[in-house]
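Here are some questions on a protein model and its ligand. Take each one in turn and check it against the coordinates.

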Amino acid sequence: MADRVELLGLNSAELEGFVTQTLGESRFRAKQLSQWLSRGAEFAEMTNLSAALRGKLAEVAVANPVRIRESFRSKLDGTEKFLYELRDGNLIEGVIMRYHYGDTLCVSTQVGCRMGCAFCASTLEGRVRNLSAGEILGQVVAANRHIRGEDEGRRVHNIVLMGSGEPFDNYDNVVRFLRLVNAPEGLNISLRNISLSTCGLTERIRQFAGEGLPVTLSLSLHAPNDEIRRKLMPVAQAHPYGEVMDAVRHYVEVTGRRAVFEYALVKGVNCELRHADELASRLRGFQSHVNLIPLNDVKERNLCAPSRREVQAFLQRLEQRGVSATVRREMGADIDGACGQLRRRYLAEKRP
Ligand code: SAH
């Protein structure tokens, strides 16, 4: 039996083709269907479609390939973590954070990851598979439905592609997702409200600059030089510092967006003042912002965060050197907020 069609992964022309050609229905039905899909409805709930059509859809198609299996809400700051289940039983996770500029959802792009960063929980067991565009969008649709259930006025306002997976290791599906989530007849989320984080696959950064999708590019830098970067991130072997910086500069020039550099502070590795000085000199003349992240301790890795004092000293030193920087506020500390941790704990607990 052929697999069912993931309707969330189709753009409006494709959905219309499916409705008129595969189902033999009028174009008007495609519009109705599309509105329901964006709201996260199941076929049975699509009450302005005939029972016969709903039955047919359930046979040949899938409304949302992503289901929230469990959710955990932080008592500290309202951050909520989702454990999602995919149709093949794979689990992924996501988190929604309440910021003053709106609810921000962190989405995953792969099940697991193969980039091998030394501090990251998502990569511990490698990459299982890529997510389809419909599965990436399905996370947003499912989270929207969930938060709307609590408060009709709430919705996902910003998206960060910073969950499990390397977005540029799943390039085509990620690009398709960005076009879908931005579509006026879909969720209509502005590209300005979307950030894509990459470990630095330089050819893809350059290719992405040409897509006409001006999202904020976040580069996971985590080091002031190649020697330290290679210790933390295997990808730095293939793509040295200068090459990555050139690619980001190219992205900034083409899109006019500012670049963000992620810098996880790891005790004893990259957070001395001379590292701040070196970083500042590498970023001189660059329209950018540095996001300092005290490392989320991953117990499988022998790495931890420096003290608060060291973090503040590092920040101050960057500022003195004219670098725009902030320390990322820690959210959801009581619910395994950091990416990859929840899925791992869950897999470990459920394992016989
Ligand atoms: N693969 C992409 C996006 C997913 S990771 C990337 O590498 O950017 C999202 C961000 O979380 C990255 O900056 C990543 O380096 C960071 N990160 C991963 N594990 C972390 C940890 N234990 N503590 C702090 N930041 C971490």
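Q: Which residues form one aromatic cluster?
A: This is a predicted model. Rings of Phe, Tyr and Trp pair if their centres lie within 6.5 Å. The residues of one such cluster are F168, Y171, F208 and Y251.

Q: How many aromatic pairs does the count come to?
A: The pairing rule asks for ring centres within 6.5 Å. By this rule the count comes to eight aromatic pairs.

Q: Is the pair of Y99 and Y101 stacked or edge-to-face?
A: The ring centres of Y99 and Y101 are 5.1 Å apart, with 10 degrees between the planes. Planes under 30 degrees apart count as stacked, and those over 60 as edge-to-face. The pair of Y99 and Y101 is therefore stacked.

Q: Is Y101 buried, partly exposed or exposed?
A: Buried means under 20% relative accessible area, and exposed means over 50%. Y101 has a relative accessible area of 44%. Y101 is therefore partly exposed.

Q: What is the geometry of the aromatic pair of F261 and F286?
A: Centre to centre, F261 and F286 are 5.4 Å apart. Planes over 60 degrees apart count as edge-to-face.

Q: How many residues apart are F261 and F286?
A: F261 sits in strand β12 (residues 259-265). F286 is in the loop between α10 (273-282) and β13 (288-294). Both F261 and F286 are buried. The pair links distant parts of the chain, 25 residues apart.

Q: Is H222 buried or exposed?
A: H222 is found in the loop between β11 (216-220) and α7 (226-232). Beyond neighbours within four places in sequence, its contacts include F119, E262 and N270. The relative accessibility of H222 is 5%. Buried means under 20%, so H222 counts as buried.

Q: How many residues of the shell around the ligand are charged?
A: 17 residues surround the ligand, and the closest are E166, S197, S220, H222 and N296. Eight residues of the shell are nonpolar and seven are polar. The charged ones number two.

Q: What percentage of the ligand's accessible area does the protein cover?
A: A polar side-chain atom of S197 lies 2.6 Å from an oxygen atom of the ligand. A nitrogen atom of the ligand is 3.0 Å from a polar backbone atom of F119. On its own, the ligand has 530 Å² of accessible area. The share that the protein covers is 93%.

Technical notes. Residues numbered from 1 in each chain as written. Predicted model: local features only at pLDDT ≥ 70, side-chain atom pairs only at ≥ 80, totals over all residues. Heavy atoms only, no water. Near = heavy atom within 4 Å. Polar contact = N/O pair within 3.5 Å; in protein donor to acceptor, adjacent residues only side chain to side chain. Areas by Shrake-Rupley, 256 points an atom, 1.4 Å probe, with all protein chains shown as cover. Nonpolar A, V, L, I, M, F, W, Y, C, P; charged D, E, K, R; others polar. Phe/Tyr/Trp six-rings, centres within 6.5 Å; stacked < 30°, edge-to-face > 60°. Buried < 20%, exposed > 50% of the residue type's maximum accessible area, 1.4 Å probe, protein only. Helix = DSSP H or I, 4+ residues; strand = E, 2+ residues; numbered from the N terminus. Contact = heavy atoms within 4.5 Å.
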